[in-house]
Amino acid sequence: MSRGGEMVYIPDDSDFSSFREQCESAEGWHCRYNKAGVTVWSQGQEESCTVQKIKTRISCKDVSAETLYDVLHDTHYRKKWDSHMIETYDIGRLTVNADVGYYSWKCPSPLKNRDFVTLRSWLPLGNDYIILNYSVKHPKYPPRKDFVRAVSLQTGYLIKANGTSACVLYYLTQVLELESWGDCDGSHLLFPQAMKKIYKAGLKYPEWKRRHDPGYKPWVYPEQNTLPSLSLAELSLQHADSLEHIDETGLSEENLSASDHEA
């Protein structure tokens with residue numbers, strides 16, 4: 001989401017509009033997978049896997065857009081369905097619809113585990129919703145020796161209502177990675193499984209939420225947010241050239257596909 005400068009910023013209406021257009025546009029995207037209601041497209045540099053832009057779409061029956069929006073915000077519930085997550089927590093809030101958070105996840109051997117520190121912002125658009133994030137640096141959360149700090153240039157979700165009890169979910173990501181990831185063509189196989197996990201999590205969320213503090217939704221009710229306030233001046237952009245480079249060759253497409261387990 002970087003605008004080409006060095007300043008950290010909170011996305012505005014034009015950023016949300018641009019993201020939505022990218023999700024809904026077919027121009028410049030190459031279909032890599034289309035099966036069982038899930039489609040995956042790629043865009044960008046074919047000669048290098050260090051920058052990959054991937055877009056995924058899944059149709060979600062019997063899950064409202066509002067429910068899926070809650071699922072993607074609710075860090076407590078994520079611990080129930082995201083089997084790859086190691087740790088996630090919110091660091092602080094910037095505005096009523098922007099915060100900074102941490103997320104780490106398990107990678108298949110021989111890869112080292114990854115983590116992110118990201119600035120996240122969100123915007124309800126009538127019955128639709130957008131969530132955006134990109135990587136930042138916070139002085140209290142530097143890269144750790146036991147993780148590779150991944151870099152998100154732009155990652156986000158567009159949730160489009162399809163009636164009152166169904167929706168379409170788009171996930172779009174542009175991430176800087178290590179050249180030694182191995183076979184980049186296998187990466188598109190991970191996305192359908194990940195999207196199906198989110199869909200299944202949406203089906204189960206209403207019942208779970210009824211039993212776990214049902215009125216607590218600080219992403220909907222900002223007055224419930226008790227996170228410490230942050231200033232943009234405390235943050236800086238996370239650049240890939242400052243990150244650790246390690247040898248992770250030898251990971252096959254089969255390794256990638258087998259590493260992801262259905263929720």
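Me: Is Lys217 buried or exposed?
Reply: This is a predicted model, to begin with. Lys217 counts as buried, at 16% relative accessibility. The cut-off for buried is under 20%.

Me: Which residue does Lys217 form a salt bridge with?
Reply: Asp70. The closest N and O atoms of Lys217 and Asp70 are 2.7 Å apart. The pair links distant parts of the chain, 147 residues apart. Lys217 sits in the loop between H4 and strand S11 (236-237), and Asp70 sits in helix H2 (residues 65-73).

Me: And Asp70, buried or exposed?
Reply: Buried, with a relative accessible area of 3%.

Me: What about the rest of H2, which residues are buried there?
Reply: Ala65, Thr67, Leu68, Tyr69, Asp70, Val71, Leu72 and His73. That is eight of the nine residues of H2, so the helix is largely enclosed by the rest of the structure.

Me: Back to salt bridges. How many in the whole structure?
Reply: A search finds 13. One of them joins Arg20 and Asp128, with 2.8 Å between the closest N and O atoms. Arg20 is in helix H1 (residues 13-24) and Asp128 is in strand S7 (residues 128-137), so this pair ties together parts 108 residues apart in sequence.

Me: How accessible are Arg20 and Asp128?
Reply: Arg20 is partly exposed, with a relative accessible area of 22%. Asp128 counts as buried at 13%.

Me: What does Glu24 pair with?
Reply: Lys160, with the closest N and O atoms 3.0 Å apart. Glu24 is in helix H1 and Lys160 in strand S9 (residues 151-161), so the bridge ties together parts 136 residues apart in sequence. Glu24 counts as partly exposed, at 39% relative accessibility. Lys160 also counts as partly exposed, at 24%.

Me: Which residues do shared partners join into one network?
Reply: Arg20, Glu24, Asp128 and Lys160. Salt bridges that share partners connect them.

Me: Changing topic. What is the volume of the largest pocket?
Reply: About 330 Å³. The pocket is lined by 18 residues. Closest to its centre are Thr75, Asp90, Tyr216, Pro218 and Trp219.

Me: How does the lining split by class?
Reply: Six nonpolar, six polar and six charged residues.

Me: Which helices and strands each supply at least two lining residues?
Reply: Helix H3 (75-81), strand S6 (114-125) and H4.

Me: Let's look at H4, then. How far apart are its end C-alpha atoms?
Reply: They are 31 Å apart. At 1.5 Å a residue, the 21 residues of H4 (residues 190-210) should span 30 Å, so the two values agree.

Me: Where is the kink in H4?
Reply: At Lys204, shortly before the proline Pro206. The kink is about 45°.

Me: Which residues of H4 are buried?
Reply: The buried ones include Phe191, Met195, Ile198, Tyr199, Tyr205 and Trp208. Lys197 and Lys209 are among them too.

Me: Last one. Where does Pro11 lie?
Reply: In the segment before H1. Pro11 counts as buried, at 10% relative accessibility.

Me: How far is Pro11 from Asn133?
Reply: In sequence, 122 residues. In space, 8.9 Å, C-alpha to C-alpha.

Technical notes: Residues are numbered from 1 along each chain as its sequence is written. This is a predicted model: local features need pLDDT of at least 70, side-chain atom pairs count only at pLDDT 80 or more; totals for chains, interfaces and linings use all residues. Side-chain values use heavy atoms; hydrogens and water are left out. Helices (H or I, at least four residues) and strands (E, at least two) are DSSP runs, numbered from the N terminus. The expected span of a helix is 1.5 Å times one less than its number of residues. The bend at a residue is the angle between axes fitted to the seven residues ending there and the seven starting there. Buried means under 20% relative accessible area, exposed over 50%, partly exposed in between (1.4 Å probe, protein chains only). A salt bridge is a side-chain nitrogen of Lys or Arg within 4 Å of a carboxyl oxygen of Asp or Glu. On a 1 Å grid over the protein atoms alone, a cavity is a set of points where a 1.4 Å probe fits but cannot get out, and a pocket is an open set with protein on both sides within 12 Å along at least five of seven lines; lining residues have an atom within 4 Å of a point. Grid points are joined across faces, edges and corners, and a volume is the space filled by probe spheres set on the points. Ala, Val, Leu, Ile, Met, Phe, Trp, Tyr, Cys and Pro count as nonpolar, Asp, Glu, Lys and Arg as charged, and the others, Gly among them, as polar.
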